[in-house]
Amino acid sequence: MKTQVAIIGGGPAGMLLSEMLDRAGIASVVLEKHRAEHVLSRIRAGVLEPGTVELLRSLGLGERMDREGHAHDGMKIAWAGRENFMIDVHRHLGRRFVAYGQTQIQEDLMAAAGRRGAAVLYEAEDVALHDLETAHPFVTCRHGGEPLRLDCDFIAGCDGFHGVSRRAIPPAILREFEKVYPFAWLGILSRTPPLPDIVYANNPRGFALASMRSPTLSRYYLQVPLETRLEDWPDERFWTELKARYPREMADAIVTGASIEKSLAPLRSYVAEPMRHGRLFLAGDAAHIVPPTGAKGLNLAVSDVFYLARALGCFYREGSSRLIDGYSDMALRRVWSSVRTSWYLTNLLHRFPGTSDFDQRVQENELTYLRGSGAAQLALAEQYAGLPFEPDPGA
Ligand code: APR
Ligand code: PHB
């Protein structure tokens, strides 16, 4: 087989790239390891930054998001024993978020791919990348029991954190940056009406988060120790602990019900640099992981793909490599900004086991400052909203 861009991985990054390349008249083939049903079964964060919302709308992919998603202005912080306060992004910046699940975005992207007859090969096994440092790279795999060779001009590594693409970059070239946090999030999805706002809670019992997927679907999280086991957390225990971490009036407003999904996620930050090697470009979780605090993961995958699609478009349209040469640096600026924001929010809102009295007071002072300072709220609003996509410097 032959194509212009071989895309490894059919998650949100790979499928959005396939869509954006198609709009630019660039052919691609997506090689996805799993079955479509498996890709759709993953439940992930669901808060879309204003830039993500605008991009999806501009591609004609925003219709269901606007119908089913929950548009909101920012987030609330509930701090044990003190008054709640709001980081009102809409008031400061005039921009709004939409709470809309990654699962739904994946469905919308797959439906769009189906409509345009996109080449997406599911159950592609043993994917391997070759000749990245030449102008004629290729990918091999097994598909339907047969060996397959895909010749291409470029390879986009969109195969998530555990994929093969990043590992194709020689260790002497790849730099890795990592931070592991000493706790996990226990999350549940329930068919219950959510609180009206996304509320992050800092409580001596630990962090909690109230979020939503739709007017009838809620998502909640609790900070738990790393060694937590799901079987020790029946729904009853979850709801009791969740309510104990919110102020009385919010706890009373939380509607409980049977969970329809329950999962554990350890928190970590990871960045791989550079995001390009020869004819290989990494995008999304293949290159970086953020802790879920702030829900930046999907939004970063979207900005990577925006920059990469624009760069490849420039290459094919103008024969210029200026944007593909700048891709890694440009994408990494936004990546590090969101890495820092999610690190800041993680530090601000969680209770760290064994923290010193000094560090606890510093955290409390940070919250006091944030609650009282319009300037601090504006700064956080700007970061929580996500930096705007950089314009093409040569346009
Ligand atoms: N060959 C082909 N496909 C692979 C391989 C492989 N060796 N390894 C992994 N994949 C596929 C996975 O099955 C998955 O469908 O690549 C896809 C990667 O998708 P995601 O992990 O969802 O990553 P990405 O598309 O970058 O989306 C980022 O996912 O983890 C969240 O918070 C993150 O919301 C963000 C989003
Ligand atoms: C979610 O809805 O899953 C969510 C919301 C906000 C976050 C993280 C996750 O910061």
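Let me begin at ligand 2, where an oxygen atom of the ligand is 2.8 Å from an N or O atom in the side chain of R213. That is a polar contact, meaning a pair of N or O atoms within 3.5 Å; within protein, one atom must be able to donate a hydrogen and the other to accept it, and residues adjacent in sequence count only if both atoms are side-chain atoms. The model is a predicted one, in which local features need pLDDT of at least 70 and side-chain atom pairs count only at pLDDT 80 or more, while totals for chains, interfaces and linings use all residues. Residues are numbered from 1 along each chain as its sequence is written, chains are lettered from A and ligands numbered from 1 in the order in which they are written, and side-chain values use heavy atoms, with hydrogens and water left out.

To continue with ligand 2, a polar side-chain atom of S211 lies 2.6 Å from one of its oxygen atoms. P292 contributes through its backbone, an N or O atom of which lies 3.3 Å from an oxygen atom of the ligand. Taken alone, ligand 2 exposes 270 Å², and the protein buries 100% of that; such areas come from the Shrake-Rupley method with a 1.4 Å probe, and for residues only the protein chains shown count as cover. Around this ligand there are 14 residues, of which Y200, S211, R213, Y221 and G294 come nearest; a residue is near a molecule or strand if one of its heavy atoms lies within 4 Å of it.

I turn now to ligand 1. Its surroundings comprise 24 residues, the closest being E32, R42, R44, Q102 and D285. An N or O atom in the side chain of Q102 is 2.4 Å from an oxygen atom of ligand 1. Helices (H or I, at least four residues) and strands (E, at least two) are DSSP runs, numbered from the N terminus.

What does helix 9 give to the largest nonpolar core? The core has 80 residues, among which L16, L17, L31 and I155 touch the most other members, and helix 9 gives the most to it, with 12 residues. A nonpolar core is a set of buried Ala, Val, Leu, Ile, Met, Phe, Trp, Tyr and Cys residues joined through side-chain atoms within 4.5 Å. Leaving aside residues up to four places away in sequence, L16 touches L55, L56, L59, L61, L109, V302 and V305, contact meaning heavy atoms within 4.5 Å. Another core, of 30 residues, lies apart from it, with V89, F183, M212 and L345 among its members.

Two further residues remain. R64 is found in helix 4 (residues 63-68), and its side chain makes a polar contact of 3.0 Å with the side chain of E107.

Conventions
Buried < 20%, exposed > 50% of the residue type's maximum accessible area, 1.4 Å probe, protein only.
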